Amino acid sequence: MSMSIDEVEFHREIGRSHKGMSVLEFLDAVTGPVDRSSVRQASLDQALFLNGEVVSPSTTLRVGDIVELTVTPTSLIRDNREAIAILHEKADLVVASKPSGLAFDASRRGGSNTLDLLAEHLKQTEGSSQRPRPVHRLDKDTSGVVVAALGSAAEQKLLEAFRSSEAAVEYLALVRSAVKDEEGEISIPLRKKERSDAFLVPDPSRGTPCSTTYRVKERLRGYSILLATPRGGRSHQVRAHLAAIGHPIVCDALYKEDDRLLLSQLKLNYKHKRGRPEKPLLARPALHAWVFRMPEVEVTAPIPTDLDVALQQLRRLRPPT
């Protein structure tokens, strides 16, 4: 597809400071915080270009590359006011829900993050300048509950509660194929593939001991909906453990799954719209931190729209037999 100079709304040459970023990370850093699904849609709509060619948001940038948009950058920006929702708050604890695509903490690449938004909330509502102390983190692609303590004493108390399993977070995970048992425990030590990676690999000899319990919530044709609870607190633990037993989370490309779920994959007589690329039902890992529990506290994060739509379509098109 060609474009005229009059169509260009955004034009930027890549310098050394942005070398190695993906197109998505670059846009998040310089125009963001951007909405991941909006950037993907811009690519599908042939409105995102690298060196004059339509490009995927995951493409890695090099010095001298030219990134261009034929839509306004503001159309890709996520509304921070809706980025997190406070679910539970008291003197020493705050529980919030974050969307997929929002980073948990600040990074050298910039952009909005959950902890900054929590700190801003506390400043506006409580006049407090203290920074929340995270005791349960989520990676950028995962939605759902995040838990932070207010003060060092509360932090130590909550960390000990997680270590002793007095406190826990239960995840909802959509995986491919039928899980054999109704419930089980995955006890596989994990380690980072590379020191700078988030990607975890099984390693019984050098990995960190950790376990994930799971139970089947629903069985659909070709898919299972699980409730999983990690013990050990590794980032990506649920994702890595389910992949290790042959049931990777749907749309988890990092763990060798397809990067999107399409209606045409589910519906036999699906009719493509001529000249228009198919919009995915889901384009991020189908994992949601659903419930935080500890004595006298239970907080649930509503299932976000993208995941809920995907689940509803699966229930309609791939019901239990």
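Thr229 sits in strand E14 (helices, H or I of at least four residues, and strands, E of at least two, are DSSP runs numbered from the N terminus). This is a predicted model, in which local features need pLDDT of at least 70 and side-chain atom pairs count only at pLDDT 80 or more, while totals for chains, interfaces and linings use all residues. Residues are numbered from 1 along each chain as its sequence is written, and side-chain values use heavy atoms, leaving out hydrogens and water.

**Around Thr229**

- With a relative accessibility of 10%, Thr229 counts as buried (buried is under 20% relative accessible area, exposed over 50%, partly exposed in between, with a 1.4 Å probe and protein chains only).
- Leaving aside residues up to four places away in sequence, Thr229 touches Ala168, Val169, Glu170, Ser211, Thr212 and Thr213 (contact means heavy atoms within 4.5 Å).

**Helix H7 (305-317)**

- Buried in H7 are Leu307, Ala310, Leu311, Gln313, Leu314 and Leu317.
- As a reminder, an α-helix has 3.6 residues a turn, so residues three or four places apart point the same way.
- The packing partners of the buried H7 residues are strand E9 (168-176), strand E13 (211-220), strand E14 (223-231), H6 and strand E15 (287-294).

**Helix H4 (152-163)**

- H4 has twelve residues and runs 16 Å from its first C-alpha to its last, close to the 16 Å expected at 1.5 Å a residue.
- Ala154, Glu155, Leu158 and Ala161 are the buried residues here.
- Looking down the axis of H4, the buried residues fall within an arc of 130 degrees, so they line one face of the helix.
- On the face turned away from that buried side, H4 carries the exposed residues Ala153 and Arg163.
- The buried residues of H4 pack against E6, strand E7 (133-136), E8 and E15.

**The second largest pocket**

- This pocket has a volume of about 830 Å³ (on a 1 Å grid over the protein atoms alone, a pocket is an open set of points where a 1.4 Å probe fits, with protein on both sides within 12 Å along at least five of seven lines; lining residues have an atom within 4 Å of a point). Grid points are joined across faces, edges and corners, and the volume is the space filled by probe spheres set on them.
- It has 33 lining residues, and Asp35, Ser37, Ser100, Pro304 and Asp306 are the closest to its centre.
- H2, strand E6 (93-98), strand E8 (143-149) and helix H7 each give two or more residues to the lining, with H2 supplying the largest share, six residues.
- By class, the lining has 13 nonpolar, ten polar and ten charged residues (Ala, Val, Leu, Ile, Met, Phe, Trp, Tyr, Cys and Pro count as nonpolar, Asp, Glu, Lys and Arg as charged, and the others, Gly among them, as polar).

**Positive phi values**

- Most residues other than glycine have a negative phi.
- Gln46 is not a glycine, yet has a positive phi of about 60 degrees; Gln46 lies in the loop between helix H2 (36-44) and strand E2 (48-50) and is partly exposed, at 39% relative accessible area.
- Cys251 has a positive phi near 70 degrees, is found in the loop between helix H5 (237-244) and helix H6 (263-266), and is buried at 3%.
- Ser165, which follows H4, has a positive phi near 70 degrees.

Key
Expected span 1.5 Å × (residues − 1). Arc of directions from axis to C-beta.
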